[in-house]
Structure formats: C-alpha cells, structure tokens
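Thank you all for coming.

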Amino acid sequence: MRRFTLALGFLMLVSSAAAPGAVSMSTGIRYVIPEGSLQECSSKAQTALNAYLQGAAESPAGSGDWLAFGPIGGHGPSTAAAAVRCSPVDKGYVVTFTCAVQIGNPYDATALCTDIAHNFSGKPVTALATPTPLPTGCSTTNLLGTWVSNDKSGLTFTMDINGDLTDNQGVSGNWGLVGNTVTLTYYGNHTLTLSPDGKHMSGGGYDLTRKC
Amino acid sequence: MRLPVAKPSSYRFALLIAAFAFAFGTSGAPAPAALDMYVGARTVVQNEPIGDCSTKAKNALNAVLQNAFEAGEGTGQWLAYGPPDYSGHANATAVIHCFPVDNGYVVTFTCAVDVPPNPDTASALCAKLVAAFDAGKTAAFLPSARY
C-alpha cells in the first residue's frame, strides 16, 4: 500500500463540481508534505484563507481544521467559504482544500480553491474575478439610474438592475424594456417609449428624463 | 327589533386591506440565503483498507445526498449534491476525503449548505453523513451482509 510519508512533492488533483447548484463545491487539491509540523500547516492555512476570505478560524483549536467565510469585507450573508484541513502523517502532514460558493459569485469554487492552495504552497496566484460593475450612462439596453418627471413636480424614480423601481416617496414598482418599449408597473401598467439616446421616455401618462 | 350595527368606514376598510397587503408582502419576501460550511469529523480507522473508506463514503453520500462521485478516480475524495430544486440547483453538498495512513485510513467530512432554503445546517448534514458512514461500517461486519 502506498504510504503518504514516502510521497515526494505533492499530489494535486483538481475537480470541479459539475452539477449546477445554488451551492457549488470544489475539492481535490491535496498536498502531501513529507516533513513539516502541524503548526506550520496551520499557519499557512490561516494565511491562505485570510488572503481570499475573512475570519479564518481553527475549529476546534489545535485540530488543524481551518474554516473561513467570504467575501472579504462582506457584512451580510456569506457567499463563499473554504476549509483547509491539516492532518499529521508521520513526520509531515497532508493538507486538503475544499471550497464552496453560491452560484452567482463572480468566481467559482475551483478558482477560489486553486488560489488558496497556491497561496499555501507559494505558487503564483490568479486574481479572482470581481463583480461586473453596473452599467452607467444612458444605455438603451436598460433603464438603470434616476429618472425625473418632466410634468409631475418632484416625482423621481430610481430603477435598479433587478427591474425594480422606487419613487421619491418610497413607493415601489417594476420596469421592463423590450426594444424601445418600456413597461412600468407603478399604480397600474404603463407603456412608454424610450428615446434613441436612452435619456428620455414618455407615454402612458408619464414623461421622464434620465440623469446621466 | 333591529340592533344597531356599526358599519366600518371606508377608511377602516382601506386600512385593513393595506395591513393585509403589507403582511403578505413582507412575509412573501425571500430571506437572503447564506452559505454555511462546516468541517465535520475526522476519524482514524485502523486495519481497514482505503477501498473500504471509499465504498462507505460513496454509500453515505448517496444515502444522504445523491449521485456521489469521486473527484478523480482513485483519489478517495468523494463529492455529492442534494436534490436539485425547481431551478435545477442544489442547496446542499458535501465532501468525504479518504486517505491512507499506515494500515488504515483517515476520513474527513466537510459540508456546505445554503440556508435558507436548505432545512439542515451544514453541521446537521455532516452529522447525518457521519452516521451513514458509520452505519456502513456496522453493516460490513454483520454476517448477513456477507455473501
């Protein structure tokens, strides 16, 4: 039988979760270090996790099992997490990397795990993808931004990427855009026409100009 | 004899409708899902081949989740997802790592879930997997399990 302590170098196998999911998991990166202490592994694990996630903690203390959540700087629900588990084997240790991300993250679980593992081993890392910035300006493909009514004093709408709109008094509704035809659901449905420059829309009792 | 009946004013009626609308509207708003991950048990098993670990890992994952597969043939690293929801997405997943040491193996359990909607926490999922893994071990020693 193979003995891990005789292994030279490391075994690196990467497998990405093939199944689509609200949660995507990646596992398979496993380093076998013939000589090294559990403390060394733990120190590297903590550093690697905190490079991409936050609050890396050993659970329980002294176990060599490290867990962190992300994204960095996030205060809401976690959307990414990773576990680095160090297990002593003879004079060295085995360390495994397991990562999970929510679908919709700008990076996948494999990218996260690869970077954490490479940080651990000192290999070059690739910057993780960042969220795509919201489009700005008077685009004709969306209605994002703030719209001011030209004929109803004080009335403004804020329209977001999710198709939601909110007026200046906090009343919410929805927007849709097909071609240059706009549908606003706001005290009923209203059909408007978006101008070629994306800055104006009118019809259905509304005449609006976008701030851009 | 006719008793006096208090008729609700249109204002009260509107208020009631508004209250219902608010109640239904807020209760229907989905809570943001949070990713929950848990590093579960790590167990050293002596005098058992690594192949037994893989068999039990696969069986345990299939018992609790579904469609367990090995992340690279012969690696001893087993992964599975829970049943997909209406959109084809799974909200639970787990990994069981088996690796040989001396004349036995070490097995670890790592779980992740999206809560909500998954009813179990990652910790609870891992506990189920450990139980299923151990049940596989017990079954292997039952005379009736030998053919």
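Let me begin with a term: buried area is the accessible area, taken with a 1.4 Å probe, that two parts lose on being put together, summed over both. The size of an interface is often given in this way, as the accessible area lost when the parts come together. Please keep in mind that this is a predicted model, in which local features need pLDDT of at least 70 and side-chain atom pairs count only at pLDDT 80 or more, while totals for chains, interfaces and linings use all residues. Residues are numbered from 1 along each chain as its sequence is written, chains are lettered from A and ligands numbered from 1 in the order in which they are written, and side-chain values use heavy atoms, with hydrogens and water left out.

Between chain A and chain B, the buried area is about 3,200 Å², and carbon and sulfur atoms give 64% of that. If contact is taken as heavy atoms within 4.5 Å, then 43 residues of chain A are in contact with 40 residues of chain B.

How many salt bridges are there between chain A and chain B? The count is one, where a salt bridge is a side-chain nitrogen of Lys or Arg within 4 Å of a carboxyl oxygen of Asp or Glu. It joins B:Arg42 to A:Asp65, with the closest N and O atoms 3.3 Å apart.

Which parts of chain A supply the side that touches chain B? Strand 1 (11-16), strand 2 (23-33), strand 4 (65-70), strand 5 (80-89) and strand 6 (92-102) each supply at least two residues, strands here being DSSP runs of E, at least two residues long, numbered from the N terminus. Strand 5 of chain A gives the largest share, eight residues.

Over all chains, the count comes to six salt bridges. One of them links A:Lys44 and A:Glu40, at 3.8 Å from N to O, and both residues lie in helix 1 (residues 38-52) of chain A, four residues apart, or about one turn of the helix. A:Lys44 is partly exposed at 35% relative accessible area, and A:Glu40 is partly exposed at 30%, the term covering what lies between buried (under 20%) and exposed (over 50%), with a 1.4 Å probe and protein chains only.

In chain B, the side chains of B:Lys128 and B:Asp120 meet in a salt bridge at 2.6 Å, N to O. Finally, A:Asp65, A:Arg85 and B:Arg42 are joined into one network by salt bridges that share partners.
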